[in-house]
Amino acid sequence: MKRICIVVGARPNFIKVAPLIRAIQKAERASYELVFAGRHDDPTLETSLFDDLQMPQPDVCLGVDSTSLNEITSRVMASFDSYLEQHETDIVIVVDDLASTMAAAIVAKKRGLKLAHLVAGTRSFDMKMPKEVNRLVIDALSDYLFTAGVKSNSVATREQAEGSNTYMVGNILMDTLRFNHQRLRKPLLDIEEGKYLVFTLNRKALLADQQKLAGMIEAMTKAAEGMTIIAPLRGQALDTVRPLIPTGAQWQAIDPLNYLEFGWLTAHACGIITDSGNVAEEATFNGVPCITLNSYTEHQETITTGSNVLVGEDPQRLAGETAKMVKGQWKKSALPDRWDGRTAERIVSILID
């Protein structure tokens with residue numbers, strides 16, 4: 001029996017591990033515990049999230065709550081080390097590239113445990129980004145590197161440490177989307193399918209530059225030519241964006257939707273404008289045009305094969321791509337290789353065998 005510990009550090013991680021938990025539950029030779037680095041009352045983890053994903057809540061919450069990356073790292077290392085002292089574990093699975101992810105990875109290897117990195121091989125090649133440092137450390141320590149696509153698989157294979165194994169298992173977000181496709185719920189909004197745009201924003205650097213953000217909002221509003229823009233935003237993002245919306249513009253800046261409602265909203269949109277890699281990946285799955293407000297993406301397949309384009313933070317480029325989106329002049333797209341909803345099964349099979 002393989003005893004597996006799955007460590008998550010933030011809300012998006014739960015969406016990725018839900019299918020992994022189902023796959024482990026079906027396996028005969030594996031058990032798991034789900035460990036959350038944060039607090040049990042984290043405001044981003046509404047009860048409906050676990051109901052929507054049909055997954056259990058964390059078995060253990062480490063209780064780390066801080067905005068300092070170094071403090072998060074040190075506190076998670078201490079708390080997770082204490083957890084492992086009391087729980088027999090064979091394999092630790094860490095997700096993505098957070099400070100808490102790196103901290104758990106370091107502790108697991110110091111204890112001589114097998115370490116698996118879910119969504120390995122992603123790179124921005126910008127060492128000024130804290131997450132890039134996290135990615136390099138986690139991949140270097142991992143025994144199992146589970147990648148989502150050809151480019152990240154190539155990176156992981158090239159950089160892997162001696163004794164590591166790289167597997168292109170596909171994008172696990174697609175497992176969650178396929179599982180919930182028939183369960184999506186239309187939110188209580190006055191909207192018509194295909195007749196609105198969705199806007200999401202979370203990146204702190206862009207939120208901090210209100211002059212630049214105002215120019216981008218004005219550019220996309222003009223290019224939308226009166227089409228409604230729905231903006232489900234959380235906390236600071238909502239407070240920052242609302243005052244910047246031009247007077248009389250067809251915007252609905254609203255509180256965050258639950259997972260199934262947000263999934264319906266993005267799946268039936270005319271197009272999506274976002275700074276989220278996960279949202280861009282889901283747009284490719286749904287074949288919905290997507291503009292990403294960044295100069296790079298961790299998953300190049302969303303651009304080369306999927307429905308995503310990058311515009312950086314350039315209002316002119318944003319306006320041009322938004323106009324194409326509204327006029328139905330978008331590029332053709334398809335699903336990348338192994339984005340087939342069976343990623344979790346592949347991972348569990350590898351870990352058990």
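Tutor: Happy to. One term to begin with: helices here are DSSP runs of at least four residues, numbered from the N terminus. Keep in mind that this is a predicted model.

Student: Thanks! How many cavities of 30 Å³ or more does a search of the whole structure find?
Tutor: The search turns up two of them.

Student: How much space lies in the largest cavity?
Tutor: About 100 Å³.

Student: And which helices each supply at least two residues of its lining?
Tutor: Those are H7 (172-180), H11 (259-267) and H12 (277-286). The largest share, five residues, comes from H11.

Student: Which residues line the largest cavity, by name?
Tutor: The lining is made of Leu177, Asn180, His181, Leu184, Tyr259, Phe262, Gly263, Thr266, Ala267, Glu282, Phe285 and Asn286. By class, they divide into six nonpolar, five polar and one charged. Glu counts as charged, and Glu282 is among the lining residues.

Student: Nice. What about the second largest cavity, how much space is in there?
Tutor: That one holds about 60 Å³. Its lining consists of Gly121, Thr122, Arg123, Phe125, Lys151, Ser152, Val155, Thr297 and Glu298.

Student: How do those residues divide into nonpolar, polar and charged?
Tutor: Two are nonpolar, four polar and three charged.

Student: OK, on to the surface. Which residues form a nonpolar patch there?
Tutor: Met127, Val133 and Leu136 do, and together they have about 240 Å² of accessible area.

Student: Where does methionine 127 lie?
Tutor: Methionine 127 is in the loop between strand E5 (114-118) and helix H5 (130-141).

Student: Is methionine 127 buried or exposed, and why?
Tutor: Methionine 127 is exposed, because its relative accessible area is 52% and the cut-off for exposed is over 50%.

How values were computed. Residues are numbered from 1 along each chain as its sequence is written. This is a predicted model: local features need pLDDT of at least 70, side-chain atom pairs count only at pLDDT 80 or more; totals for chains, interfaces and linings use all residues. Side-chain values use heavy atoms; hydrogens and water are left out. On a 1 Å grid over the protein atoms alone, a cavity is a set of points where a 1.4 Å probe fits but cannot get out, and a pocket is an open set with protein on both sides within 12 Å along at least five of seven lines; lining residues have an atom within 4 Å of a point. Grid points are joined across faces, edges and corners, and a volume is the space filled by probe spheres set on the points. Patches are made of residues with over 30% relative accessible area and no salt bridge: like charges are joined within 9 Å, nonpolar side chains (Val, Leu, Ile, Met, Phe, Trp, Tyr) within 5 Å. Accessible areas come from the Shrake-Rupley method with a 1.4 Å probe; for residues, only the protein chains shown count as cover. A salt bridge is a side-chain nitrogen of Lys or Arg within 4 Å of a carboxyl oxygen of Asp or Glu. Buried means under 20% relative accessible area, exposed over 50%, partly exposed in between (1.4 Å probe, protein chains only).
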